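Student: Could we go through the charged side-chain pairs of this model and set each label against its definition?
Tutor: Gladly; here is the structure.
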Amino acid sequence: MAAAKQVNIAIIGAGGVGKCFLGQLETLAQRRPSPKLVLTYISTSKKAIYNSDYAAITINDVFSKLASSSQAPLAPPKLIEYLKSSGSKTVLVDNTSSQDVADAYPLFLGNGISIVTPNKKAFSGSYKLWQEIFSAAEQSGAKVYHESSVGAGLPVISTLNDLVNTGDEVTKIEGVFSGTMSFLFNSFAPTSGKGGQWSAEVRKAKELGYTEPDPRDDLNGLDVARKLTILARHAGLEVESPTSFPVQSLIPKELESVATGDEFLEKLPAFDSQMEETKAAAEKEGKVVRFVGSIDVASKQVKVGLEKFDLSHPIAALKGSDNIISFYTKRYGSNPLIIQGAGAGGEVTAMGVTSDLIKVLSQVA
Ligand SMILES: NC(=O)C1=CN([C@@H]2O[C@H](COP(=O)(O)OP(=O)(O)OC[C@H]3O[C@@H](n4cnc5c(N)ncnc54)[C@H](OP(=O)(O)O)[C@@H]3O)[C@@H](O)[C@H]2O)C=CC1
Ligand SMILES: N[C@@H](CC=O)C(=O)O
Ligand code: NA
């Protein structure tokens with residue numbers, strides 16, 4: 001009788017998204033017995049768990065084991081050596097926002113290790129890294145998917161790739177690409193009612209798990225710029241970096257050089273009046289402000305920042321952490337293909353990662 005197929009899973013990062021991913025991995029392993037999924041490595045930035053005989057790491061007590069582990073995380077070359085020696089196919093799940101981990105993707109992929117990730121850093125870093133990632137995957141046959149790097153679990157990247165690969169011509173992509181920014185403006189400047197205090201809403205967005213590990217990465221516009229860089233590249237534009245086009249930052253000038261995210265959050269209430277003024281200026285025109293982005297494919301123009309919207313506009317009427325992304329294409333004409341729904345949060349982000357894993361399994365197992 002043939003041995004049951006097995007695919008090993010290695011996870012880097014066990015924070016908000018990582019925890020939800022582990023729950024979904026457990027469910028997936030129960031629902032789909034083949035291939036057998038075996039967790040052989042997991043790490044945070046300080047601790048790791050792995051067994052020299054590749055014995056499966058049980059998921060239900062993984063956090064207590066991580067807390068008491070005396071194993072340090074393996075650096076990428078050592079991790080690759082460990083994963084390859086198992087002799088089984090391996091999928092690396094990068095649930096960090098680490099640039100260092102992202103920079104090692106070509107090495108993992110070149111060694112036949114597939115990757116699924118919500119981390120934006122690899123795909124929105126230098127264009128050279130983007131090219132190295134996809135050429136390493138092509139050369140080794142390893143797979144790389146990153147659906148949750150834009151719009152969390154919403155099918156944004158897969159939809160764009162489907163449009164492009166079936167020969168449609170994407171002319172423009174626009175909308176709200178940040179769960180944090182959506183939540184902030186929907187609660188600070190709602191279409192009806194008074195709205196909350198800006199700095200208090202920023203704290204709430206962090207507590208809800210919507211922000212990047214450092215919320216300044218959302219407020220400075222870079223998170224949205226990274227997402228637009230990723231989409232522009234999938235649409236065929238060679239965007240050099242997320243800082244190669246205009247990006248509006250909502251960080252008060254006075255707080256640009258504070259040392260940590262926590263210090264920033266402590267000092268932010270003293271600058272609430274700046275955002276109040278922006279809100280009041282829009283209200284005078286009977287509008288609300290929202291943080292949006294757009295890619296004009298023909299003119300290769302990408303931009304990110306605040307815009308004012310009529311109260312009846314679909315962008316003004318968003319709720320919670322919802323993203324709304326419109327694809328204008330030759331096929332869809334003047335009525336764009338629109339994707340809308342929660343754009344941040346642990347479970348919805350992990351869903352995109354888990355569904356990417358399912359895609360990889362169907363190709364490598
Ligand atoms: N939260 C959301 O709604 C969404 C998040 N994403 C992306 O998902 C990723 C994870 O986000 P989230 O879970 O919220 O972040 P968290 O800060 O909650 O978790 C990050 C995890 O990564 C670990 N980590 C960081 N650097 C390293 C490293 N160099 N090596 C090993 N482990 C490391 C951290 O370990 P330690 O605790 O030791 O620091 C922590 O376990 C990010 O890339 C984010 O942009 C994408 C879409 C939506
Ligand atoms: N911080 C990001 C998380 C998802 O990418 C956001 O708020 O959209
Ligand atoms: Na997505």
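Tutor: A salt bridge is a side-chain nitrogen of Lys or Arg within 4 Å of a carboxyl oxygen of Asp or Glu. This is a predicted model, in which local features need pLDDT of at least 70 and side-chain atom pairs count only at pLDDT 80 or more, while totals for chains, interfaces and linings use all residues. Side-chain values use heavy atoms, with hydrogens and water left out, and residues are numbered from 1 along each chain as its sequence is written.

Student: What makes K308 and E285 a salt bridge?
Tutor: The N to O separation of their side chains is 2.8 Å, and the definition asks for a nitrogen within 4 Å of a carboxyl oxygen, so the pair qualifies. The two residues lie 23 residues apart and link distant parts of the chain, K308 in strand β9 (residues 301-310) and E285 in the loop between α14 (272-284) and β8 (287-296); helices (H or I, at least four residues) and strands (E, at least two) are DSSP runs, numbered from the N terminus.

Student: Why is E201 called buried?
Tutor: Buried means under 20% relative accessible area, exposed over 50%, and partly exposed in between (1.4 Å probe, protein chains only); E201 has 5%, so it is buried. Its salt-bridge partner is K204, at 3.3 Å, N to O, and K204, with 39%, is partly exposed.

Student: How do you know that E201 and K204 are separated by about one helical turn?
Tutor: They are 3 residues apart in helix α10 (residues 198-207), which means about one helical turn between them.

Definitions and conventions
Chains lettered and ligands numbered in written order.
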